[in-house]
Amino acid sequence: MSADDPNPAATPTPCEDTQGDGRWMSLHNRFVSDSKDKEPEVLFVGDSLVQLLHQSGIWRELFSPLHALNFGLGGDATQHVLWRLSNGELDNISPKVVVLWVGTNNHGNTAEQICGGIMAIIQVVKNKLPHAQTLVLGILPRGKMPNPLRERNAKVNKLVQEATSSLPHASFLNVDPGLSTPTVASPIRICTITFT
């Protein structure tokens, strides 16, 4: 890919319907519908890590009281989230905080491309929700031992942390030490964020 080629991770793209049942588009349409009759203070957006968070006790205990919405879709990469947010999911809501957790499914993309995709999502959120803060959660490591995916994800996190450090409307939180490294507080580390 040359410098003139578009970044595939930052090009809004609907997810391919590999199952043939329209599941992804159906969930997107449900999210658009949910946004029309809800008033969330917090919106979670991303892939299966976000989607599965909705089923946890932590969600019910800590995020449901915040009138949080969960727009997580399993298998989504940055370009899919970018397409969803550009096509209606943010049009009828005004949350104070958007929590973004995506990038682990960007197979075949470089760390720079994934960072570009995440930054494009942050820009869409800023354009559509100018008063919201975006909190980007770091991509978790892949695999137990050192490997190219772990290295790529660590590089993505470093690049995103650097890119968001100068943005007043976005910040980065490395959740790896609290989620993938066993600690006493690991299940709630991500949930101690204060929303004002």
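The stops below go from a strand and its neighbours to a group of aromatic rings.

This is a predicted model, in which local features need pLDDT of at least 70 and side-chain atom pairs count only at pLDDT 80 or more, while totals for chains, interfaces and linings use all residues. Residues are numbered from 1 along each chain as its sequence is written, and side-chain values use heavy atoms, with hydrogens and water left out.

Because 4 of its 5 residues are buried, S4 is largely enclosed by the rest of the structure; buried means under 20% relative accessible area with a 1.4 Å probe, protein chains only.

Then show strand S5, residues 170-173, which runs parallel to S4 and is joined to it by 4 bridges; here Thr 134 has Ala 170 as its bridge partner.

Now move to the aromatic rings, where a search of the whole structure finds 5 pairs (ring centres within 6.5 Å, using the six-membered ring of Trp; planes under 30 degrees apart are stacked, over 60 edge-to-face, the rest tilted). Select Phe 44 and Trp 59, an edge-to-face pair at 5.1 Å centre to centre with 65° between the planes. Phe 44 lies in strand S1 and Trp 59 in helix H3, so the pair ties together parts 15 residues apart in sequence.

Conventions
Buried < 20%, exposed > 50% of the residue type's maximum accessible area, 1.4 Å probe, protein only. Helix = DSSP H or I, 4+ residues; strand = E, 2+ residues; numbered from the N terminus. Pairing = 2+ DSSP bridges.
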